[in-house]
Amino acid sequence: MADPKGFLKEGRQVATRRPVEERVKDWDEVYPDGIGRALLPIITPQAGRCMDCGIPFCHQGCPLGNIIPEWNDLVWRDDWEGAIERLHATNNFPEFTGRLCPAPCETACVLGINQDPVTIKNVEVSIIDKAWESGLVRPQAPEWLSGRTVAVVGSGPAGLAAAQQLTRAGHTVAVYERADKIGGLMRYGIPEFKMEKKHLDRRLDQMKREGTVFRAGVEVGSEESGLTGAKLRERYDAVVLAMGACEARDLPVPGRELNGIHQAMEFLPQANRAALGEEVEGQIMATGKHVVIIGGGDTGADCLGTSTRHGATSITQLEIMPEPPTGRPAGQPWPTYPMIFRVSSAHEEAGERVYSVSTKQFLGDDNGNVRALQLVDVVFEGGKLTEIEGSEREIPADLVLFAMGFVGPEKQGLIEQLGVDLDERGNVARDKAYMTSVSGVFSAGDVGRGQSLIVWAIAEGRAAAAAVDEYLTGSTTLPSPIPPTARPLMA
Ligand SMILES: Cc1cc2nc3c(=O)[nH]c(=O)nc-3n(C[C@H](O)[C@H](O)[C@H](O)COP(=O)(O)OP(=O)(O)OC[C@H]3O[C@@H](n4cnc5c(N)ncnc54)[C@H](O)[C@@H]3O)c2cc1C
Ligand code: SF4
């Protein structure tokens with residue numbers, strides 16, 4: 001146990017973000033010198049608040065099964081080397097989760113029953129940032145090669161975790177990615193102000209040194225690549241599909257065809273490229289515009305923070321569901337992850353959130369550009385949404401961004417070519433060992449789970465790697481944190 005009286009002496013403390021007026025002028029992370037450094041002066045007593053409970057529910061809250069009390073104790077004792085060893089034992093990429101995870105571990109923390117929970121995510125990011133700075137993160141190349149080959153299609157957190165585990169187990173692994181750079185949604189979806197890409201590049205460098213081969217700019221299953229599903233199976237002993245759930249949800253209401261209405265994933269990748277100094281021809285800009293974001297989740301918040309940095313005139317984020325309460329509702333008791341009103345860094349900076357509204361139509365000007373959006377108030381009753389008569393109104397909109405989630409993986413191309421079965425939700429179906437209906441073809445991450453989170457993608461990538469290793473060699477010592485059917489803790 002860390003400090004036996006830690007939680008009695010110390011309150012919860014988080015790092016201070018840079019002033020809003022400063023940070024909206026750049027794309028850097030919102031913490032001074034990055035979050036790891038910002039946390040260093042306060043993190044030891046924070047780790048000391050951990051009570052090392054008999055049954056640490058934070059383990060159940062974290063899909064990776066991170067051994068949280070152990071690394072809290074090590075941090076408190078100033079054993080940072082021990083802490084990173086323990087953290088890496090369950091999480092390949094704590095620098096991603098430590099920045100981007102919504103931390104379901106914290107809403108499951110036992111201290112959270114009647115006090116503020118331990119700042120678990122902050123301890124995690126402090127450990128990994130310090131480990132990188134101290135040279136404690138080194139390549140772990142395999143001692144021998146199995147002679148077996150694996151293709152991983154998709155380079156998001158699921159594909160990267162599977163690739164790292166399988167490479168370290170001695171298999172020869174190639175990761176294919178259709179984008180020009182590796183990283184999946186962490187590369188071109190998530191903005192710099194949430195996670196600077198240098199963290200991704202540093203990890204990719206480690207993976208290359210371990211022996212993972214990366215093939216960016218190759219869309220497997222496309223005519224141009226010449227790499228069909230059949231060829232992939234012929235060339236590799238096993239295949240891991242980690243292609244994400246990239247099919248975005250649309251809103252087919254009148255006026256959808258007007259100029260100025262885009263999917264978030266048309267807007268964010270361009271902004272991410274431009275933020276890092278690339279010339280982006282015809283970039284969608286929010287500068288001087290009335291921006292309306294449809295969808296109240298993470299993607300919407302990323303559009304909001306990006307529009308703020310572009311210099312939008314106004315930003316409105318619409319959400320069809322009612323405004324959630326600020327405290328845990330009775331129906332979502334500890335240790336579940338409650339739906340409560342949360343304020344992200346982007347929400348601190350600008351914008352207005354409007355709840356319980358639905359978009360009826362988009363209105364255009366004479367040139368075919370969107371100029372306004374007509375919305376209506378809705379109530380959620382008896383499990384369905386009903387429009388409130390007479391509540392229709394217009395709000396100005398020169399740029400509309402859809403951030404309504406993703407309906408599943410893209411089916412054309414590789415998925416069709418391989419002929420893998422889909423489940424009732426249109427995701428790639430798999431058995432309890434992550435194998436699809438096609439022998440030797442596995443799946444990990446959003447492609448099988450549906451739109452989810454980085455922490456689940458890493459957990460699935462690790463588990464799928466264990467299943468592939470067993471398929472290739474008959475046994476495995478790789479850890480398998482979750483079955484494909486695992487879901488967040490629910491009431
Ligand atoms: C804007 C945005 C912000 C988000 N913010 C957060 C957050 O803050 N925290 C969090 O936990 N989660 C967040 N998420 C969700 C999270 O990013 C995803 O759950 C996670 O990235 C899924 O990982 P994955 O490896 O399954 O797939 P992805 O990250 O989607 O990667 C799949 C990759 O496969 C590639 N691909 C697809 N088909 C092919 C093919 N045929 N050949 C080659 N490559 C192919 C795609 O180009 C893509 O790069 C966010 C999502 C979005 C869209
Ligand atoms: S990965 Fe997420 S859930 Fe797990 S310990 Fe880190 S912040 Fe908590």
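This is a predicted model: local features need pLDDT of at least 70, side-chain atom pairs count only at pLDDT 80 or more; totals for chains, interfaces and linings use all residues.
**View 1. The residues around ligand 1.** The shell holds 32 residues, of which Leu100, Glu177, Lys194, Val220 and Asp446 come nearest; a residue is near a molecule if one of its heavy atoms lies within 4 Å of it. By class there are 16 nonpolar, 9 polar and 7 charged residues, where Ala, Val, Leu, Ile, Met, Phe, Trp, Tyr, Cys and Pro count as nonpolar, Asp, Glu, Lys and Arg as charged, and the others, Gly among them, as polar. At least two residues each come from α10 (157-168), β2 (172-177), α15 (298-310) and α19 (454-473), and α15 gives the most, with 3 residues; helices (H or I, at least four residues) and strands (E, at least two) are DSSP runs, numbered from the N terminus.

**View 2. Backbone atoms beside ligand 1.** A backbone N or O atom of Ala158 lies 2.9 Å from an oxygen atom of ligand 1, and a polar backbone atom of Asp446 is 2.8 Å from an oxygen atom of the ligand. For Arg178, a backbone N or O atom lies 3.1 Å from a nitrogen atom of ligand 1.

**View 3. The residues around ligand 2.** Among the residues around this ligand are Cys62, Cys101, Cys105, Lys121 and Glu124. Two or more residues of the shell come from each of α8 (104-107) and α9 (120-133), and α9 gives the largest share, 3 residues. The shell divides into 8 nonpolar, 2 polar and 2 charged residues.

**View 4. The helix pair α14 and α15.** The axes of α14 (residues 264-275) and α15 come within 10 Å and cross at roughly 50°, where axes are lines fitted to C-alpha atoms, for helices over the stretch in contact, and angles run from 0 to 180 degrees between N-to-C directions. The two helices are therefore oblique to each other, since angles under 35 degrees count as roughly parallel, over 145 as roughly antiparallel, 65 to 115 as roughly perpendicular and the rest as oblique.

Terms used:
Residues are numbered from 1 along each chain as its sequence is written. Chains are lettered from A and ligands numbered from 1 in the order in which they are written. Side-chain values use heavy atoms; hydrogens and water are left out. A polar contact is a pair of N or O atoms within 3.5 Å; within protein, one must be able to donate a hydrogen and the other to accept it, and residues adjacent in sequence count only if both atoms are side-chain atoms.
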